[in-house]
Every structure is written in structure tokens, then in C-alpha cells.
Amino acid sequence: MLIDTHVHLNAEQYDEDITEVIQRALDANVQKMIVVGFDRPTITRAMELVEEYEFLYAAIGWHPVDAIDCTDEDLQWIETLATHPKVVAIGETGLDYHWDKSPKDVQKEIFRKQIALAKRVKLPIVIHNRDATEDCISILDEENAKEVGGVMHSFSGSVETAEFCINKLNFIISLGGPVTFKNAKTPKKVAEEIPLKYIMLETDAPYLTPHPYRGKRNEPSYIPLIAEQIAALKGITVEEVAKITTENAHRLFYKIK
């Protein structure tokens, strides 16, 4: 069995064929998926999906790019929804210095508030980090995020950063499509050197489509391509990658049945 630990089935890209996309995932042995909501519309849609499909779960939070739009009422709503049995994590939250919609100080404030929220509801945190690694891990450390742990979603950092996140912050590393890209040396090195017990799989679909479908819409049925690449890099079987990464997901997202 495989788990897609980060997918946006709530995105408009799937409005026309969501049933077929989900069936292709199941046919590819991707038997559970975590749908990530990051603002009011996507959280609402994620909650609709987890009610409709027994094998779908939700992670809910507020994206750093849109931090400037986040109110205390929004965070209270997320905290209320977090009691739902199929909400397994808080996020994606974090920092994104690539886009300039939300000032850095606003992003940091909303990030800290969501770490505190996650600790109150005792759920792990899903981290979005783009061009902000130093500030991101510093805040996680300062706010004692290791208390609940979490996942560095779509990890693109160095082996050294991965080791810090694992050893000091109690976080798992999640790898997706980029590990299959021919020139993606850093994700491949992370896949080679980080022990499998600290790795999970994700698509981030509809984004970051793995080779050989790069440039097309991503979907959770492509998780086996990521597992195959990691297996090849580690010199182990795909079955072992599937088994251990699935165990990791169940351990972190403890509400998954």
C-alpha cells in the first residue's frame, strides 16, 4: 500500500474528473490520500471530500503566501475543524519568500500562531518552505514544534538541513516529483542519505509532476514513480519503500485508520 501524504484534490484542476483521478490512484495501490487545504475555499472543499470518501483525510491550515488575509476568526475556524476525526494535521503553513504578497513579519506571526494551534489540538504540522529555510527552522525550534512534530513538505533542502529537522525538530522529510527529475541532484542526495524511516511520499498534485509526465497535470496515481526512484537510489525494493513510508505516515498522522 502507498499513501499520498500531500495532494490538492480540492484544486479546480480536478473539478471535471475527480472520480476518475481517485480511481486511478486506487488502481495504482495508492489507498489513502491526505488532501491539503490552505485557505477558506480549499479547506471547505477538503472537508467535503473527506466526508465523501472513506480513504481521504485532510490537513488544514493557512498558506504563508496568503498570510496577510488570515484573521483570528479564520484560525479559530481551523481549530474547531481540527477536532474532526479525519483532520490529521495542521498546515500547510510556514514561510514563502519567493512571492511578495504577504510581508515577512506577517507570515512569521501567522506561522507562529499555527504552531501554537497545532500544539493545542495535538496534531502534527505540515510545513511549506520556499526560500526561507533559516527563518522557518528557527521559528519551529523557538516555538518548540518538536512537541507535535510534523513534515517538511516537498523538501528541497540539503542533507544537513534534513538531518537538523529530523534530529532537532522531530520532523519527517517528504519527497515528491522533483526526486525523479534528471538534474535534481539535491533531492536525490537526500533520498540516498536520509534513512527511510524518516521519509514519506507525496505528489503535491496537481503540481510538481514526476518524470516522465513533467509538464502535465500531476495526480496521486503517480506516487509509484516516486517510490520507484527512491528505491533505485537506495538500492532496495519498491515494496520496502512502500511498506516503510506507509508506516511512517501512519506514525506521524496517527488519526489515519
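Q: In this predicted model, which strands does helix α5 lie across, and at about what angle does α5 run to β5?
A: Helix α5 covers residues 133–142.

Q: Which strands does helix α9 touch, and what angle does its direction make with that of β8?
A: Helix α9, residues 238–252, packs on the sheet. Its contacts are with β1, β2 (30–37), β6, β7 and β8. With the direction of β8, that of α9 makes about 100°.

Q: In what order do the 8 strands form the open sheet, and which strands stand at the edges?
A: The pairing is parallel, and the order is β1-β2-β3-β4-β5-β6-β7-β8. A strand with a single partner has one side left without a neighbour in the sheet, so the edge strands are β1 (2–7) and β8 (199–201).

Q: What does the twist average from one strand to the next?
A: The sheet is open and its pairing is parallel. From each strand to the next, the twist averages 30°.

Q: Over how many bridges do β4 and β5 pair, and which residue of β5 is the bridge partner of T93?
A: Strand β4 spans residues 87–96 and β5 spans 125–130. The two pair in the parallel sense over 5 bridges. In β5, the partner of T93 is I127.

Q: Is S174 buried or exposed, and with which residue does its side chain make a polar contact of 2.8 Å?
A: S174 lies in strand β7. Its relative accessibility is 0%, so S174 counts as buried. Its contacts beyond four places in sequence include T5, V151 and M200. The side chain joined to that of S174 by the 2.8 Å polar contact belongs to E202.

Terms used. Residues numbered from 1 in each chain as written. Predicted model: local features only at pLDDT ≥ 70, side-chain atom pairs only at ≥ 80, totals over all residues. Heavy atoms only, no water. Pairing = 2+ DSSP bridges. Helix = DSSP H or I, 4+ residues; strand = E, 2+ residues; numbered from the N terminus. Axes fitted to C-alpha atoms, helices over the stretch in contact; angles between N-to-C directions. Contact = heavy atoms within 4.5 Å. Buried < 20%, exposed > 50% of the residue type's maximum accessible area, 1.4 Å probe, protein only. Polar contact = N/O pair within 3.5 Å; in protein donor to acceptor, adjacent residues only side chain to side chain.
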